[in-house]
Amino acid sequence: GDVVVPVVSDGIYALDEFVAATLLALGVTPVAAEPVYGNVPLNSVLAAEGVDLADPGSIEQVAAADPAAIVSLELEPDVMEQYRDVAPSVFLSFTDSWTVHVDALAALTGQEAQAAALFDAVDVRTAELAAEIADAGLGGSEVSVLLKSNFDGTFFAFASNSLPGRLIAELGLTRSERQQEEVEFGSSPISEENLAEEVDAD
């Protein structure tokens with residue numbers, strides 16, 4: 001049946017830094033976060049806010065922390081089940097919009113009012129940036145958004161169904177034909193021989 005997760009705002013363990021940062025944006029400080037994606041600036045913010053940055057990948061370590069709830073971007077199905085045995089857990093899809101992620105975490109933490117305020121602030125700033133881009137004559141320009149893995153140096157292109165892809169569209173910018181596609185998990189690896197083609201944007 002459906003997994004019922006109680007409303008809780010203390011003792012939340014985040015299995016990645018992106019979900020941990022979303023909690024912070026809602027005014028909730030997770031008890032710990034695992035910096036699995038190696039995002040150095042984001043992890044610096046988390047540390048400055050008092051979030052314990054734990055070594056990733058140990059279910060036993062998470063269980064020892066006795067969390068009230070566990071949150072994360074989606075993992076392998078069997079791994080998610082193991083975490084659900086530890087504590088009530090919320091797993092977010094890579095291809096859902098960031099607003100769906102915020103809504104899910106707001107429901108978990110009872111921070112719906114903070115989520116509404118966050119949406120309003122982002123809408124205002126997005127409209128401002130879109131106007132600035134249009135005024136500069138750059139509306140419709142083609143841009144490319146890539147991520148370099150901190151683990152093995154692989155480059156990934158964000159697709160149209162990723163968070164960066166959606167924001168770029170809202171800003172009035174366009175993508176290469178390849179990056180306009182929707183792909184599983186919202187991004188796809190780019191080989192070295194195709195890297196120059198991916199970054200050959202306006």
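## Close-up views of a predicted model

Skip the neighbours within four places in sequence, and Ile 70 is still in contact with Tyr 13, Leu 15, Val 62, Tyr 83, Val 86, Ala 87, Pro 88, Ser 89 and Val 90. This is a predicted model, as are the views that follow. Ile 70 itself sits in strand E4, which covers residues 69-73. Is Ile 70 buried or exposed? Its relative accessibility is 0%, so Ile 70 counts as buried.

**Asp 66 has a positive phi.** Here we look at the loop between helix H3 (59-64) and strand E4, where Asp 66 is found. Most residues other than glycine have a negative phi. Asp 66 is not a glycine, but its phi is positive, at about 50°. Asp 66 is also exposed, because its relative accessible area is 64% and the cut-off for exposed is over 50%.

**Helix H1 packs against helix H2.** Two packed helices are described by the angle between their axes and the distance between the axes. For H1 (residues 17-25) and H2 (residues 40-48), the angle is about 45° and the axes are 10 Å apart. That angle is why H1 is called oblique to H2. As H1 passes H2, the crossing is left-handed. Which residues of H1 and H2 meet? From H1 come Glu 17, Phe 18, Ala 20, Ala 21 and Leu 24, and from H2 come Leu 42, Asn 43, Val 45 and Leu 46. Sort the residues of this H1 with H2 contact by class and you get 7 nonpolar, 1 polar and 1 charged.

The buried residues of H2 are Leu 42, Asn 43 and Leu 46. Look down the axis of H2 and these buried residues fall within an arc of 95°, so they line one face of the helix. What covers the buried residues of H2? The cover includes H1, strand E2 (32-33) and strand E3 (52-53). On the face of H2 turned away from the buried side, you'll find the exposed residues Val 40, Pro 41 and Ala 48.

**Asn 43 up close.** Now we zoom in on one residue of helix H2, Asn 43. Asn 43 has a relative accessible area of 9%, so it counts as buried. Leave out neighbours within four places in sequence, and Asn 43 is in contact with Glu 17, Pro 35, Gly 38 and Leu 53.

**Helix H1 also crosses helix H5.** The axes of H1 and H5 come within 10 Å and cross at roughly 65°. Their crossing is right-handed. Val 19, Thr 22 and Leu 23 of H1 make the contact with Val 102, Leu 105 and Thr 109 of H5. By class, this contact of H1 with H5 has 4 nonpolar and 2 polar residues, with no charged ones.

**Helix H5 runs alongside helix H6, roughly antiparallel to it.** H5 (residues 98-109) and H6 (residues 112-135) pack at an angle of about 160°, and their axes are 8 Å apart. Why is H5 described as roughly antiparallel to H6? Because of that angle: the label applies to angles over 145 degrees. The crossing of H5 and H6 is right-handed. On the H5 side, the contact is made by Trp 98, Thr 99, Val 102, Asp 103, Ala 106 and Ala 107, and on the H6 side by Glu 112, Ala 115, Leu 118, Phe 119 and Val 122. The classes in this H5 with H6 contact come out as 8 nonpolar, 1 polar and 2 charged residues.

With a relative accessible area of 18%, Ile 133 is buried, because the cut-off for buried is under 20%. Not counting residues up to four places away in sequence, Ile 133 touches Leu 138, Gly 139, Leu 171 and Leu 173. How many residues apart in sequence are Ile 133 and Gly 27? They are 106 residues apart, and 31 Å apart in space, C-alpha to C-alpha.

Methods
Residues are numbered from 1 along each chain as its sequence is written. This is a predicted model: local features need pLDDT of at least 70, side-chain atom pairs count only at pLDDT 80 or more; totals for chains, interfaces and linings use all residues. Side-chain values use heavy atoms; hydrogens and water are left out. Axes are lines fitted to C-alpha atoms, for helices over the stretch in contact, and angles run from 0 to 180 degrees between N-to-C directions. Helices (H or I, at least four residues) and strands (E, at least two) are DSSP runs, numbered from the N terminus. Angles under 35 degrees count as roughly parallel, over 145 as roughly antiparallel, 65 to 115 as roughly perpendicular and the rest as oblique. A crossing is left-handed if the near helix is turned anticlockwise from the far one by less than a right angle, and right-handed if clockwise. Contact means heavy atoms within 4.5 Å. Ala, Val, Leu, Ile, Met, Phe, Trp, Tyr, Cys and Pro count as nonpolar, Asp, Glu, Lys and Arg as charged, and the others, Gly among them, as polar. Buried means under 20% relative accessible area, exposed over 50%, partly exposed in between (1.4 Å probe, protein chains only). The arc is that of the directions from the helix axis to the C-beta atoms.
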